[in-house]
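Hi,

Here is the structure I promised to pass on. Have a look, and below it you will find my notes.

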Amino acid sequence: EDVPYMQKVMVSKCNAVGKPVIVATQMLDSMEASIRPTRAEANDVFNAVFDGADGVMLSGETGNGAHPPHVVSVMSRVCHRAESALLGEEREDELNQWRV
């Protein structure tokens with residue numbers, strides 16, 4: 001239960017002193033067998049980028065997984081979405097599609 005907080009602290013401290021930081025914590029682990037990540041996994045990737053990580057890393061998902069290229073594609077899309085949000089490039093019409 002302390003991991004999310006400590007991850008944010010470590011990323012912040014690395015950024016403060018100009019040290020590159022990579023988050024590598026079974027980011028899309030369910031995708032070793034599944035074609036889709038869990039909501040929590042996608043959220044973890046997004047938050048790592050949003051918090052200032054310089055990189056995110058895959059391991060078993062691509063080394064042992066059933067769909068390595070797809071996993072990389074999913075990771076890339078989530079990272080790009082987080083980077084766009086950081087840069088203020090989110091558009092209202094894109095957000096409206098998710099509203100009920």
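The largest pocket has 13 lining residues, and A42, F46, R77, V78 and R81 are the ones nearest its centre. Both α2 (39–51) and α4 (68–86) give two or more residues to that lining, and α4 gives the most, with 6 residues. The volume of this pocket is about 320 Å³. A pocket here is an open set of points on a 1 Å grid over the protein atoms alone, where a 1.4 Å probe fits, with protein on both sides within 12 Å along at least five of seven lines; lining residues have an atom within 4 Å of a point. The volume is the space filled by probe spheres set on the points, which are joined across faces, edges and corners.

Please keep in mind that this is a predicted model, with pLDDT of at least 70 needed for local features and 80 or more for side-chain atom pairs, while totals for chains, interfaces and linings use all residues. Residues are numbered from 1 along each chain as its sequence is written, and side-chain values use heavy atoms, without hydrogens and water.

The other spot I liked is E61, which is buried (under 20% relative accessible area, 1.4 Å probe, protein chains only). Instead, the E61 side chain reaches the backbone nitrogen of S59 at 2.8 Å and that of D29 at 3.3 Å.

Best wishes

Technical notes. Buried < 20%, exposed > 50% of the residue type's maximum accessible area, 1.4 Å probe, protein only. Lys, Arg positive; Asp, Glu negative; His and termini not counted. Salt bridge = Lys/Arg side-chain N within 4 Å of Asp/Glu carboxyl O. Polar contact = N/O pair within 3.5 Å; in protein donor to acceptor, adjacent residues only side chain to side chain. Helix = DSSP H or I, 4+ residues; strand = E, 2+ residues; numbered from the N terminus.
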